[in-house]
Amino acid sequence: MATIRQIRQRIKVAKNIQQITKAMKMVAAARLKRAQDRVQAARPYADTMREMMTSLASAVGGEVQHPLLAVRTPRNYGFLIITSDRGLAGSYNSQMLRRASEILREYDPNRIKLYLIGRKGIQFFRRRGFNIVSEFQINSTAVSFAEAQDITRTIRAAFENEEIDELILLYTKFRSAISQTATDVKLLPIQTPEEETTAAPSNDNDYIFEPEAEALLHALLPRYLEGQVYQALLESVASEHGARMTSMTNATENAGKMISSLTLQMNRARQANITREISEIVGGAEALKG
């Protein structure tokens with residue numbers, strides 16, 4: 001059984017941990033608010049861009065020739081996988097890496113090329129001997145559109161130079177502070193958005209394209225690709241902060257429960273010591289009487 005001194009030391013350690021996790025929770029909560037605002041601000045842009053692409057594709061009709069639309073017989077597959085640089089974020093990284101591993105198992109390892117964002121993913125796949133072509137670091141505190149452009153230039157060049165024939169993006173979609181979903185989408189070749197049959201009637205006739213719709217489509221395709229990468233980065237960063245805030249909240253509560261349990265254990269040990277000392281005193285007094 002632990003001594004009172006040992007229990008006090010454990011309580012001290014638990015309180016120190018509680019202070020650290022509480023501070024990390026507050027930092028994550030502040031960063032989550034900013035990241036969540038940026039995600040919500042970017043979603044209308046992504047939706048409008050998708051709507052514009054749909055209108056342009058409908059106006060052009062038929063086959064549109066562009067390097068980012070080129071459909072080839074897949075020989076080499078690229079995977080752009082987003083993880084975080086730091087841990088202590090609950091299941092954020094493990095969920096993404098588990099999902100990525102499940103998908104990669106379906107492909108020939110010799111035909112896989114990885115483009116990785118975040119140290120956790122880099123370390124994970126490097127240990128397993130995957131072919132890592134590019135590694136990226138982003139500012140998870142305030143990810144910028146310029147970072148998305150740098151990443152997009154790399155994967156676009158690889159696709160246009162036929163180093164890869166398909167690219168799949170894996171990121172974590174932000175839903176709430178307690179809910180994030182590992183998501184995978186086919187990024188290249190770009191599939192021009194199509195109107196859903198159940199959607200409301202289109203107002204395509206209200207658009208007047210200048211220059212021609214096909215020229216606009218060619219100009220917007222690279223921007224559309226950058227927008228998808230940027231949106232995925234924002235979603236992933238918000239998911240990371242949400243997962244970390246939830247994880248640190250749980251850790252703080254668990255530390256509090258541990259402190260309460262140890263305090264109760266210490267009080268019982270002290271009570272037992274007092275009872276034993278009283279018994280020894282009474283026993284000594286009785287022995288003297290005898």
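Five helices and five strands make up the protein. The model is predicted. Read from the N terminus, the elements follow the order α-β-α-β-α-β-α-β-β-α. The chain has 290 residues, and buried residues make up 40% of them.

Strands of a sheet pair through backbone hydrogen bonds, either parallel or antiparallel.

Now take the pairs in turn. E1 and E2 run parallel and are joined by six bridges. Within this pair, Ile82 has Ile117 in E2 as its bridge partner. To get from E1 to E2, the chain passes through helix H2 (residues 92–104), and this β-α-β crossover is right-handed. E2 also pairs with E3, again in the parallel sense, over four bridges. Here Leu116 has Glu135 in E3 as its bridge partner. The chain goes from E2 through H3 to E3, and this β-α-β crossover is right-handed too.

How many residues of E2 are buried? Six of its six residues are, and the strand is mostly covered. Ile112, Leu114 and Leu116 point one way from E2. Lys113, Tyr115 and Ile117 point the other way. Both sets are buried.

The pair E4 and E5 runs antiparallel. Strand E4 spans residues 166–176, and nine bridges join it to E5. In this pairing, Leu169 stands opposite Val185 in E5.

Thr21 sits in helix H1, which covers residues 4–60. Is Thr21 buried or exposed? Its relative accessible area is 7%, so Thr21 is buried, the cut-off being under 20%. The side chain of Thr21 reaches the backbone oxygen of Gln18 at 3.0 Å. That side chain also makes a polar contact with the side chain of Thr252, at 2.9 Å. Leaving out residues up to four places away in sequence, Thr21 touches Met248, Ala251 and Thr252.

Arg156 belongs to helix H4 (residues 145–160). Its relative accessibility is 29%, so Arg156 counts as partly exposed. The side chain of Arg156 makes a polar contact with the side chain of Glu160, at 2.8 Å. Again leaving out residues up to four places away, Arg156 touches Leu68, Pro222 and Leu225. Take Leu225 from that list. Arg156 and Leu225 are 69 residues apart in sequence, yet their C-alpha atoms are 8.8 Å apart in space.

The loops hold some backbone details. Most residues other than glycine have a negative phi, and most peptide bonds are trans. What is the phi of Leu88? It is positive, about 55 degrees, although Leu88 is not a glycine. Leu88 lies in the loop between E1 and H2. With a relative accessible area of 54%, Leu88 is exposed.

Glu162 also has a positive phi, near 60 degrees, and is a residue other than glycine. Its place is the loop between H4 and E4. At 43% relative accessibility, Glu162 counts as partly exposed.

From Leu188 to Pro189 the bond is cis, with omega near -5 degrees. Pro189 lies in the loop between E5 and helix H5 (213–289).

Note on methods
Residues numbered from 1 in each chain as written. Predicted model: local features only at pLDDT ≥ 70, side-chain atom pairs only at ≥ 80, totals over all residues. Heavy atoms only, no water. Helix = DSSP H or I, 4+ residues; strand = E, 2+ residues; numbered from the N terminus. Buried < 20%, exposed > 50% of the residue type's maximum accessible area, 1.4 Å probe, protein only. Contact = heavy atoms within 4.5 Å. Polar contact = N/O pair within 3.5 Å; in protein donor to acceptor, adjacent residues only side chain to side chain. Pairing = 2+ DSSP bridges. Right-handed = clockwise from strand over helix to strand, strands pointing away.
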